[in-house]
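Please keep the sequence and the model in view while reading.

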Amino acid sequence: MHPADTMGQTREGAQYGFAFLDEDAKRELRRSIFKAVCIPGNQVPYASREMPIARGFGTGGMQVTLALLGPDDTCKVIDQGADDSVNAANIRNFFALTCPGVTGTLRTEEASVIQTRHRIPELPLRADQILVFQVPYPDPLVVVEPNAAKRRRMHGRADYARLWVKLYEDMVAFDEITISHRYPTRINGHYIIDPSPIPRFDVPKLHQADCLYLFGAGREKRIYAVPPHTDAVPITFTDVPFAVESFRDKTTGKRHTCRRCGADDSFLDEFLDDDGARIFQCSDAAWCDMRLERLEAAE
Amino acid sequence: MSVLDLPRLWRPETHQALFRRILDATARPGQIADLGDLLDGRPAALAALATFCDNTQTLADLTGTLSETDLAFLDVGKATPEQAGFILARGADAPGFIPRLGSLDAPEGGATLVVMVESLKDGAPLVLTGPGIKRTATLAPKGLAPDWLAARARWCADFPMGVDIVLADATSLMILPRTTKIGA
């Protein structure tokens, strides 16, 4: 049966086309995604339709995901690594409402499409998986050039001198590069992208990956991509190596571990317990749960 | 004609399935996307156009193989190969045009060429390298005039400008983004 005849039956009164967007909107998104993959790192403009949530809450990622999803997909949505935060849960519910047939999952290994806000899952993604990023600010040059047309010219000519100067000024003022997230990353030796606010910890996962990475910025109306097996190099100086978060205790020098699963190699969230003590826990909830399951099975 | 009677190639769910296979092939040049089960006997080249074309796009059909009905379903504007966003061409005929290459500021304006060949794997093998390819991949097109490779090399010489090519035989596709390097 044609999806137009089966969809929209999921909730009383809700009559949505499959994947919410009309076919023209999806086709436009697909054209932009296609060109984005063909020109790695290039920010391709697209129309960015109105979504039923405000721009800035993941509408770019949602539109890319909706252009991808078919009824045989399994979809996971994470926000800072967690499946159960408000943003992730609402977007997942929206996909369930508007994409009948699509299976939701919390498990990274089960998903064919993963939409993420600000993390790359700890579990290495496979070639048959696509990671869709929600992007607030797509252009890394915005910190050095306010004029969008000039930024386009600079990107086309791979003219990133002023970005290097910004990093150099960091070294002069602070003795280190002060960018903690959204670290400018050069793709295939040409375009420098803003990899969305992922921590430095996740940036190396962009390099020569097995999976396809797609980036959707709803407010700024840009789509870009890092194809699999593509160079993705965080920009730095030869005498100042790129470093990821170490999670070392400043006094003991030992790396903090997750209080739930004991992981000593994952990205950790730091917070205070009721007594004011600092505690650390995996930011990737699915990874933490998987490790706990394995530990329990081993016992 | 009701929605239920739409030929399979023009149904939204077919376009979604086609797009995912085309996207996978775009991300992995050298990998052949078999579309056979989605086509109902229609050519794979037409399926690529059906996935991407609508009334905001322009097409130059240099093959004359598109029927009036196909063109009506595509609902795409006609243009010269120099101006068109999409070009449908026969691989056996050497290209006699210069397609849109985009600009440095907007390289995504470079044309998408759908080139029909006899086969994607029965010709002399070419070695592919570039983004999306782990070490090397192989392309062995049969029915692609050698002039195409020379022309593509010229068109794609000034990255990020260039063209992206969809090679199509009867039932399958292979994609050559402008970043793919072709060696012997």
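## Basis of the model

The model is predicted: local features need pLDDT of at least 70 and side-chain atom pairs count only at pLDDT 80 or more, while totals for chains, interfaces and linings use all residues. Residues are numbered from 1 along each chain as its sequence is written, and chains are lettered from A and ligands numbered from 1 in the order in which they are written.

## Domains of chain A

Chain A is assigned domain 1 (3-137 + 186-232) and domain 2 (246-299); such bounds come from an automatic or database domain assignment. The C-alpha centres of domain 1 and domain 2 of chain A are 28 Å apart. Their contact involves 13 residues from domain 1 of chain A and seven residues from domain 2 of chain A, where two residues are in contact if their C-beta atoms, placed from the backbone, lie within 7 Å.

On the side of domain 1 of chain A that touches domain 2 of chain A, six residues are nonpolar, three polar and four charged. Here Ala, Val, Leu, Ile, Met, Phe, Trp, Tyr, Cys and Pro count as nonpolar, Asp, Glu, Lys and Arg as charged, and the others, Gly among them, as polar.

## Overall form of chain B

Chain B has five helices and ten strands; helices (H or I, at least four residues) and strands (E, at least two) are DSSP runs, numbered from the N terminus. Its C-alpha atoms fill a box of roughly 50 × 30 × 30 Å along the principal axes.

Of the 184 residues of chain B, 47% are buried, a residue being buried if 20 or more other C-beta atoms, placed from the backbone, lie within 10 Å of its own, exposed if 12 or fewer, and partly exposed in between.

## Interface between the chains

In the interface, 31 residues of chain A are in contact with 30 residues of chain B. H2(A) gives the largest share of the chain A side, ten residues. That side of chain A comprises 14 nonpolar, eight polar and nine charged residues.

## The nonpolar core

The largest nonpolar core has 118 residues; such a core is a set of buried Ala, Val, Leu, Ile, Met, Phe, Trp, Tyr and Cys residues joined through C-beta atoms within 7 Å. Helix H3 (residues 44-52) of chain B contributes the largest share of this core, eight residues.

Val114(B) is among the residues with the most contacts inside the core. Leaving aside neighbours within four places in sequence, Val114(B) is in contact with residues including Ala48(B), Leu49(B) and Phe86(B).
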